[in-house]
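Here's a quick tour for anyone meeting this structure for the first time.

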Amino acid sequence: MTTLIQYASLNPTPWKNGGGCTTEILASPPGATMDDFDFRISLATIAQSGPFSTFPGVDRTLSLVDGGNVVLDVGNERKVALSDKEPVVAFPGEVPVSATVDGSPTIDFNVMTRRGRCSHQVERRVVHDFSTLERRSTLTILFLAEGESLTVYSSRERMSMVRYDAVVLDREEVWTLEAPRATVFVVDIIPDEDE
């Protein structure tokens, strides 16, 4: 069943270190904690510089949605300036990562999958008027990162989204995205073949 997740209905949770907050958009299995999820998709605010929590056995993709630049020091091996020029970075959850906030707080889209259970792919797409989205996995989530609204429809369903809403796409193989201009993240969750 296709599900619209309205951002206005979600509740943010402060980080333990006080450096920001996170709003869970979708996690599996339902009711999973930070220690036992198969996958977790969230929107996080990074308000001040500091270390990230580590997640052994988890792969992460972080995407800049709004705000100033943030520099990530990934395992003391590489530094990535998460910005409009490079808005997406992927890294293993067990690697120590620290963030340096440059100016205003940032809002970031976060996808995490536990190795051995599932993996993920994140595509950043800019929609001008119309765009066609073909399903590539058993579970596809569409997140509206930028733009006032977006209409998503198939031959049988039609939904309207506002900024930071998400849609869990189901059944249909081809969807049309319609907006004067919008930036979306398309997340494919791929179950592990051994599961």
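A residue counts as buried here when its relative accessible area is under 20%, and as exposed when that area is over 50%. Keep in mind that this is a predicted model. With that cut-off, Asp 188 is buried, because its relative accessible area is 2%.

**Around Asp 188**

- You'll find Asp 188 in strand β15, which covers residues 174–191.
- Its side chain makes a polar contact with the side chain of Thr 140, at 2.9 Å.
- Which residues does Asp 188 touch, once its neighbours within four places in sequence are set aside? They are Ser 119, His 120, Gln 121, Arg 136, Ser 137, Leu 139 and Thr 140.

**Aromatic pairs**

- How many aromatic pairs turn up in a search of the whole structure? The search finds six.
- One of them joins Phe 52 and Phe 91, and it's a tilted pair, with 6.4 Å from centre to centre and 45° between the planes.
- That pair links distant parts of the chain: Phe 52 is in the loop between β5 (50–51) and β6 (58–74), while Phe 91 is in strand β8 (residues 88–92), 39 residues apart.
- Phe 52 counts as buried because its relative accessibility is 13%, and Phe 91 counts as buried because its value is 5%.
- Phe 143 and Tyr 164 make a stacked pair, because their planes are at 0° and their ring centres are 6.1 Å apart.
- Phe 143 belongs to strand β11 (residues 139–146) and Tyr 164 to the loop between β13 (158–162) and β14 (166–169), so this pair ties together parts that are 21 residues apart in sequence.
- Are Phe 143 and Tyr 164 buried or exposed? Phe 143 is buried, at 0% relative accessibility, and Tyr 164 is buried too, with a relative accessible area of 11%.

**An aromatic cluster**

- Phe 143 and Tyr 164 also belong to one aromatic cluster, together with Tyr 7, Phe 109 and Phe 185.

**Arginines over rings**

- What sits over the ring of Phe 37? The charged end of Arg 114 does, 4.6 Å from the ring's centre.
- Over at Tyr 153, Arg 158 lies over the face of the ring, at 4.6 Å from the ring centre.

Definitions and conventions
Residues numbered from 1 in each chain as written. Predicted model: local features only at pLDDT ≥ 70, side-chain atom pairs only at ≥ 80, totals over all residues. Heavy atoms only, no water. Helix = DSSP H or I, 4+ residues; strand = E, 2+ residues; numbered from the N terminus. Buried < 20%, exposed > 50% of the residue type's maximum accessible area, 1.4 Å probe, protein only. Polar contact = N/O pair within 3.5 Å; in protein donor to acceptor, adjacent residues only side chain to side chain. Contact = heavy atoms within 4.5 Å. Phe/Tyr/Trp six-rings, centres within 6.5 Å; stacked < 30°, edge-to-face > 60°. Lys NZ or Arg CZ within 6 Å of the ring centre and 35° of its normal.
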